Amino acid sequence: MAKKNRQLPKVDRSRIVVRSSDIHGKGVFVAKPIKKGTPIIEYKGKRISWKEAERIHPHDPKQPNHTFYFSLDDGRVIDANQGGNAARWINHSCKPNCETEEEFYAGKARVFILAKRDLKVGQELFYDYSLDVEGRITKAMKRDYACRCGAKKCRGSMLAVQTK
């Protein structure tokens, strides 16, 4: 649930850099040490409805399950493929070193990526995507959303854990 009307955090983009990732394509890496709890970057892009997101999907037909969508609590989505920034390159991990936080600033929902612990120069940033899908998760879906994080306790998927 989004928090209401706090003061907008200060973000220092010089603390991160985008470059090639061993996990998947591009990644975001620490360029200057980052303390636990620090807001690192805002997830930016065009705000659209899920109906619109489904209409324009996929961004890349060669990779139909790769998107830059971030679901908001109000039912809309941020499409970082349109007006997005470096945050769209932060990869998934089952043992993330970052977390996302949706908050309201001047009545607008905004998403920030925060450090879950102190981060050292050279570390890649990760958060748990916990992707929600409708219906039962099939073997094909698990393959389509396979996790490549390499964590000791990797759940094998970027999909959210479903509870009964």
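Biologist: Where in the chain is confidence lowest, and where is it highest?

Modeller: This is a predicted model, and its mean pLDDT is lowest in helix H2 (residues 139-144), at 84, and highest in strand E1 (residues 16-20), at 98. For the chain, the mean is 88, and 91% of the residues reach 70 or more.

Biologist: What makes up the largest nonpolar core?

Modeller: That core has 23 residues, and those with the most contacts inside it are Ile 40, Ile 41, Tyr 43, Leu 119 and Leu 125. At least two of its residues come from each of strand E2 (26-30), strand E3 (39-43) and strand E9 (108-115). Leu 125 has contacts beyond its sequence neighbours, among them Val 28, Ile 40, Cys 98 and Leu 119.

Biologist: Why is Cys 98 called buried?

Modeller: Buried requires a relative accessible area under 20%. Cys 98 has 2% relative accessibility, so the label applies.

Biologist: How do you know that the count of disulfides is zero?

Modeller: The rule asks for two cysteine sulfur atoms within 2.5 Å, and by that rule the count is zero. For Cys 98, the closest cysteine sulfur is in Cys 149, 14 Å away, which is too far for a bond. Cys 154 is in no disulfide either, and the nearest cysteine sulfur, that of Cys 147, is 3.6 Å away.

Biologist: Why is the pair of Glu 42 and Arg 110 called a salt bridge?

Modeller: The closest N and O atoms of Glu 42 and Arg 110 are 2.7 Å apart. The limit is 4 Å, so the pair qualifies. A search of the whole structure finds four salt bridges. Glu 42 is in strand E3 and Arg 110 in strand E9, so this pair ties together parts that are 68 residues apart in sequence.

Biologist: Are those two residues buried or exposed?

Modeller: Glu 42 is buried at 8% relative accessibility, and Arg 110 is buried at 17%.

Biologist: What makes Glu 52 and Arg 55 a salt bridge, and where do they lie?

Modeller: Their N to O distance is 2.8 Å, and the limit is 4 Å, so they meet the rule. Both are in helix H1 (residues 50-56), three residues apart, about one turn of the helix. Arg 55 is exposed at 60%, while Glu 52 is partly exposed at 26%.

Biologist: Which parts of the chain does the pair of Arg 155 and Asp 128 link?

Modeller: Their salt bridge has its closest N and O atoms 2.6 Å apart. Arg 155 is in the segment after H2, and Asp 128 is in the loop between strand E10 (126-127) and H2, 27 residues apart. Arg 155 is partly exposed at 31%, and Asp 128 is partly exposed at 25%.

Terms used:
Residues numbered from 1 in each chain as written. Predicted model: local features only at pLDDT ≥ 70, side-chain atom pairs only at ≥ 80, totals over all residues. Heavy atoms only, no water. Core = buried A, V, L, I, M, F, W, Y, C linked by side-chain atoms within 4.5 Å. Buried < 20%, exposed > 50% of the residue type's maximum accessible area, 1.4 Å probe, protein only. Helix = DSSP H or I, 4+ residues; strand = E, 2+ residues; numbered from the N terminus. Contact = heavy atoms within 4.5 Å. pLDDT = per-residue confidence, 0-100. Salt bridge = Lys/Arg side-chain N within 4 Å of Asp/Glu carboxyl O. Lists of a residue's contacts leave out its neighbours within four places in sequence.
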